[in-house]
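Have the structure open while you read.

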Amino acid sequence: MKVLFVCAELYPYVKTGGLADVMAGLPAELKALGCDVRLLMPGFPALMKAARTSKLLAPLQSASLPWGPAPQWPQADLVHVKFSGKEPSAYLIKSAVMYNRPGNPYLNASGKDWEDNGVRFAALGWAAACLGQGLDPDWVPDIIHGHDWHAGLAPAYVRAFAVAGHVVPATVFTLHNLAFQGLFDGKLFPALGLPADQFKVQGLEFFGQVSFMKAALNYADHLTTVSPHYAFEILQAAQGCGLDGVLRERSGHLSGILNGVDYQVWSPATDAFLSKPYDVEQMEGKAVAKKKLQLDFGLAPRAKSMVIGVVSRLSEQKGLHLLPDVVQAMVQRGGQLALLGQGDAALEQALVDAALKYPGQVAVRIGYDEATAHRVLAGADVIAVPSAFEPCGLTQLYGLRYGTLPLVRRVGGLADTVVDCSLENLDDGLATGFVFDELSPAGFVGALRRAFALYRRPSQWRAVQRRGMSLRFDWHTASQHYQAIYQSLRPGA
Ligand code: ADP
Ligand code: GLC
């Protein structure tokens, strides 16, 4: 079974969030099940640099298409590369004009979307469809599996070839975040080289605009998202981001498959970013990590203060706008906050102000840093993820593995993975963290109070930690679900 993953991020080379971790973890496990996975990605500088060997395949341009004029891309070539790590080999679209830009894959230096993102990511979908048509005669995918809106046009191009009578691969599309939809001015449509009749309500048109996400939702053979709870939530208006109607129509072809964790990267026993590794039987390393975190972040060196960690994009999604109103309650109870994040400028400022107000008790580091992320996850007692919505969420899963109890809101994948420390859950040995419902400071503080109460009961805290650390959310289970979907779509392959 040949599977082409179409995506825009890959840990450790290009990462803005959990998508990169998933693109690194899932293919390796699918490979272990016997799937032959290759990646297709834009030729971002970090990927071109990481490539060890590179073979030129073909230019991206094509002659006319059965349904009309072919799209005209800026100068671009498809190359096949191998990396030095465990990643599968990748097809990269090498294009100085489209991708040779520093920094974030989607945003310019002022934090705004690149103006030509429509063309940059349409080219990705087009390249996927061309590989499905034999652009690399040595490797023709049975399945094209796209991830997030960046790959959204792949199923649209594949459908166009199918309607024109070509043999095509089956298409699977995973939505990691419905809030990012790839919406562009309707004037972009003629340049995309798609059949005119796809610009309709049942196609990729969304209130006069081109929607890459909607294209995928309507044209992929099967849809998945990254947790069962989110799969249910997006069928309703509150979390459907205007696409719940489309999703309801396709709900017979929608699965919620919980993400896994790459435990080679995220395990306290082998974590190279920690000075003293630890595991469930040998927890001294966690105390060392806490001490070091307090020192690094300028927090008072108090072993008995409960440290609440945050590692996050600072966006509306993450519910961290509640934090400035919650820090007082944390500090009054003797807690400390260690936050690593970046994003929304107003939120960054509000958090920096909170740190100035409570020196030694609230520490905020604005930025993006892999090593610090690991150190916060290991050194904190609690990891807070109070999201407004959360398709899956990985940091709470990392927290569980590191004995850092997650404090989360009951949404999406957070609801699927954390069990509240209610008395009955504690009694039954099921509890792994703290869960609240209401997206408000009061809701957040309610869960915090439970965390402080448990923290004062060390043996119970230890039992909850032990349970969390023993759980496994591995990619093996998830990849079996994906493989079953591939097999149902291409039984013979
Ligand atoms: P999302 O993808 O919505 O941002 P996830 O929880 O799925 O949320 O994944 C977040 C990933 O990004 C995790 O690997 C986390 O450690 C990492 N991360 C988030 N913010 C930062 C940061 N400021 N510095 C380093 N890593 C970060
Ligand atoms: C998105 C979601 C996050 C999920 C990640 C990986 O970024 O916001 O919840 O864990 O994708 O699937």
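Sorted by class, the shell around ligand 1 comes out as 6 nonpolar, 8 polar and 6 charged residues. Keep in mind that this is a predicted model.

**Ligand 1: who's around it**

- There are 20 residues around ligand 1, and the ones that come nearest are Gly 18, Asp 21, Arg 313, Lys 318 and Leu 394.
- Strand E13 supplies the largest share of this shell, with 3 residues.

- The side chain of Asp 21 puts a polar atom 2.7 Å from an oxygen atom of ligand 1.
- Arg 313 has a side-chain N or O atom that is also 2.7 Å from an oxygen atom of ligand 1.
- For Lys 318, the distance from a polar side-chain atom to an oxygen atom of ligand 1 is 2.8 Å.
- On its own, ligand 1 would expose 570 Å², and the protein buries 93% of that.
- If you're tracing secondary structure, the elements that give two or more residues to the ligand 1 shell are H1, strand E13 (307-314), strand E14 (336-343) and helix H14 (395-401).

**Ligand 2: who's around it**

- Ligand 2 is surrounded by 14 residues, with His 176, Asn 259, Glu 390, Cys 392 and Gly 393 the closest.
- By class, that shell splits into 6 nonpolar, 6 polar and 2 charged residues.
- Helix H1 (residues 18-32) gives the most here, with 3 residues.

- Gln 317 has a polar side-chain atom 3.0 Å from an oxygen atom of ligand 2.
- Asn 177 also reaches ligand 2 through its side chain, with an N or O atom 3.4 Å from an oxygen atom of the ligand.
- Cys 392 makes its contact through the backbone: a polar backbone atom is 3.0 Å from an oxygen atom of ligand 2.
- Taken alone, ligand 2 exposes 310 Å², of which the protein buries 93%.

Terms used:
Residues are numbered from 1 along each chain as its sequence is written. Chains are lettered from A and ligands numbered from 1 in the order in which they are written. This is a predicted model: local features need pLDDT of at least 70, side-chain atom pairs count only at pLDDT 80 or more; totals for chains, interfaces and linings use all residues. Side-chain values use heavy atoms; hydrogens and water are left out. A residue is near a molecule or strand if one of its heavy atoms lies within 4 Å of it. A polar contact is a pair of N or O atoms within 3.5 Å; within protein, one must be able to donate a hydrogen and the other to accept it, and residues adjacent in sequence count only if both atoms are side-chain atoms. Accessible areas come from the Shrake-Rupley method with a 1.4 Å probe; for residues, only the protein chains shown count as cover. Helices (H or I, at least four residues) and strands (E, at least two) are DSSP runs, numbered from the N terminus. Ala, Val, Leu, Ile, Met, Phe, Trp, Tyr, Cys and Pro count as nonpolar, Asp, Glu, Lys and Arg as charged, and the others, Gly among them, as polar.
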